[in-house]
Amino acid sequence: MIYRFLSDADFSEVTKVFNLAFSDYVVPVKLTERELNNLFIQRHVDLKRSLGVFANDEMIGFTVNGFGLWNNAETVYDIGTGVLPSFRRQKIAEKMFEFMIPYFQKQGIRQYLLEVITENEKAFKLYKKLGFETTRKVSLIKSENIFESNLPIPKSLEVYEISEPDWNLLPAFWDGKPTWQNSVESIAATIPRKTYLAAFSDKKCVGYTAFSAAKGVIAQFAVDPEHRRKGVGSALLTELQKYIGKDKTISVLNLDVEIETAFEFLRKRGFSEAVSQFEMIKRL
């Protein structure tokens, strides 16, 4: 088997093997080249620093990596590591990391970040063996029902779409830090761009959400702590559903389970956990 870093010319084959490797995953994956390319742009992927494994000139495994700052440190983020089913149980994933980590250390990258589904015990044990430590648990939560608010919307409250969020203000509303794919940098890079709704009370921004209207996925949702339990979150969710449509599932990707205020708010409105993951990091 040959282990080598990829190039842009490998993209089509990466798409094919990416779909095949995750076809039997807890959450099966089936992406077009355009969808995968958009995902790579959002998560800052560099194929030239992503790894492929080849047998008889055919790709049979990969690790796709994104790059950027995380907690003010140069970081490589594992977008996805996969091996074709017929080539598993040969320690290929372990060998890929053993191949990449010394290279990234020489580049001055200080940490390796990833997420692993909590039910995937084999992968979790591998990452622990490689020196990754769990930083937090995050969950994908979904609502299959049409959201209807029984809370009256304050007369002073307005909710409407904005084009450019004020990122100097909005992080003050957070109770925790978003994951890599929901970071400010990632959602700003999304193609097609995210939709942003903001709630204003007496012309002051008191809450907002960033989401994909086409896919029904919420990336960020937060309310100023001083304006919670006043109908702001419900007003945002009601307006958001108009953009997504009543025939689509609404989901929140990788919400930190320690943010109890958000979980309580969403559970009361029909959301429930679909999949949970451990966020893990290795210092290089």
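Let's start with the second largest pocket: 38 residues line it, and Phe-221, Ala-222, Thr-261, Ala-262 and Phe-265 lie nearest its centre. A pocket here is an open set of points on a 1 Å grid over the protein atoms alone, where a 1.4 Å probe fits, with protein on both sides within 12 Å along at least five of seven lines; lining residues have an atom within 4 Å of a point.

A word on the source. This is a predicted model, where local features need pLDDT of at least 70, side-chain atom pairs count only at pLDDT 80 or more, and totals for chains, interfaces and linings use all residues. Residues are numbered from 1 along each chain as its sequence is written, and side-chain values use heavy atoms, leaving out hydrogens and water.

Back to the pocket. Which strand or helix gives the most to the lining? Strand S10 (217–223) does, with six residues. Helix H6 (232–244), strand S11 (250–256) and helix H7 (260–267) each supply at least two. Strands (E, at least two residues) and helices (H or I, at least four) are DSSP runs, numbered from the N terminus.

Now Asn-65. Look in strand S3, residues 58–70. Is Asn-65 buried or exposed? Buried, with a relative accessible area of 0%. Buried means under 20%, exposed over 50%, partly exposed in between, with a 1.4 Å probe and protein chains only. The side chain of Asn-65 reaches the backbone oxygen of Arg-49 at 3.0 Å. Leu-47 is 18 residues from Asn-65 in sequence, and 7.2 Å away in space, C-alpha to C-alpha.

Terms used: Polar contact = N/O pair within 3.5 Å; in protein donor to acceptor, adjacent residues only side chain to side chain.
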